[in-house]
Amino acid sequence: MKFAFPFLLAITLLGCLPLTAQVRQYYFTHYSTSSGLVSNETNCVIQDADGYIWSGSAGGLQRFDGTRFRTFRNIPGDPGSIPANNVTQLILDDKNNLWVVTIEGRVGIFDTRTFRFREATIKPKRKESYLASGKRLIRDEYGNLFLLFGASELVTFNK
């Protein structure tokens with residue numbers, strides 16, 4: 001038994017020695033308005049299946065391809081543009097559709113190929129739910145989409 005304690009101590013100490021494992025290095029790049037961002041305050045970020053990074057801010061919707069930003073803003077009189085510049089949420093569905101929620105609570109799909117916005121028809125049971133602030137899209141583990149109206153109502157997406 002006298003031999004067991006020093007042996008266990010030696011094994012424990014050897015386990016604490018640094019191993020010559022490969023160390024991963026990460027590189028970060030800082031992007032700002034001088035790099036092409038429309039705002040230094042970003043509300044949401046998501047990466048689509050094609051590898052593009054989409055960000056929403058008070059200045060609009062942006063797509064980053066790894067080199068440059070492309071900006072999408074509201075164009076008055078153009079129903080295919082995003083309905084407002086202040087984008088509060090981005091979410092991808094199971095078909096890689098980019099869903100956009102604006103500060104006013106307008107919800108729809110931004111077509112990432114044609115760069116056109118199509119607003120979703122929302123039919124809550126109670127009209128006051130539609131006026132509630134804090135609309136939020138939720139996606140469950142099965143790919144179902146839900147729209148939460150503040151704390152008053154939950155609406156499901158019907159394809």
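Residues are numbered from 1 along each chain as its sequence is written, and side-chain values use heavy atoms, with hydrogens and water left out. Because the model is predicted, local features need pLDDT of at least 70 and side-chain atom pairs count only at pLDDT 80 or more, whereas totals for chains, interfaces and linings use all residues.

Strands are DSSP runs (E, at least two residues) numbered from the N terminus, and two strands are taken to pair if DSSP finds at least two bridges between them. Four strands form an open sheet in the order 5-6-7-8, with antiparallel pairing. Strand 5 and strand 8 are the edge strands of this sheet, each pairing on one side only. On average, neighbouring strands of the sheet are turned by 30 degrees against each other, direction ignored. The axes behind this angle are lines fitted to C-alpha atoms, and angles run from 0 to 180 degrees between N-to-C directions. Within the sheet, strand 7 and strand 8 run antiparallel and are joined by four bridges. G108 has E119 of strand 8 as its bridge partner.

A second open sheet consists of three strands in the order 9-10-11, again with antiparallel pairing. Strand 9 (135-139) and strand 11 (153-156) each have a single partner strand, so one side of each is left without a neighbour in the sheet. Strand 9 is joined to strand 10 (residues 145-149) by five bridges, and the two run antiparallel. K135 lies opposite F149 of strand 10. In a regular strand the side chains alternate between the two faces of the sheet.

Strand 3 (residues 60-64) and strand 4 (residues 69-72) are also paired in the antiparallel sense, over four bridges. L61 has F72 in strand 4 as its bridge partner. The hairpin made by strand 3 and strand 4 has four residues between the strands, and G66 in this hairpin takes a positive phi near 100 degrees.

Accessibility classes were assigned with a 1.4 Å probe on protein chains only: buried means under 20% relative accessible area, exposed over 50%, and partly exposed in between. A84 is found in the loop between strand 4 and strand 5 (87-92). The relative accessible area of A84 is 7%, so this residue is buried. Contact means heavy atoms within 4.5 Å. When residues up to four places away in sequence are not counted, A84 touches N74, T102 and E104. The C-alpha atom of A84 is separated by 9.6 Å from that of G105, a residue 21 places away along the chain.

T112 is placed in the loop between strand 7 (107-111) and strand 8 (116-119). With a relative accessibility of 14%, T112 also counts as buried. Leaving aside neighbours within four places in sequence, T112 is in contact with W54 and L98. The C-alpha atoms of T112 and Y52 are separated by 9.6 Å, with the two residues 60 apart along the chain.

Side chains of opposite charge can pair when their charged atoms come close. A salt bridge is defined as a side-chain nitrogen of Lys or Arg within 4 Å of a carboxyl oxygen of Asp or Glu. The search of the whole structure finds four salt bridges. One of them joins D50 and R113, whose closest N and O atoms are 2.9 Å apart. This pair links distant parts of the chain, 63 residues apart: D50 is in the loop between strand 1 (42-47) and strand 2 (53-57), and R113 is in the loop between strand 7 and strand 8. D50 is partly exposed at 40% relative accessible area, and R113 is exposed at 60%.

R116 and D78 form another salt bridge, with an N to O distance of 2.7 Å. R116 in strand 8 and D78 in the loop between strand 4 and strand 5 are 38 residues apart, and the pair links distant parts of the chain. R116 is partly exposed, with a relative accessible area of 39%, and D78 is partly exposed with 21%.

A further salt bridge joins the side chains of R106 and E119 (2.8 Å, N to O). R106 belongs to the loop between strand 6 (98-102) and strand 7, E119 belongs to strand 8, and the two are 13 residues apart. R106 counts as partly exposed at 33% relative accessibility, and E119 is partly exposed at 33%.
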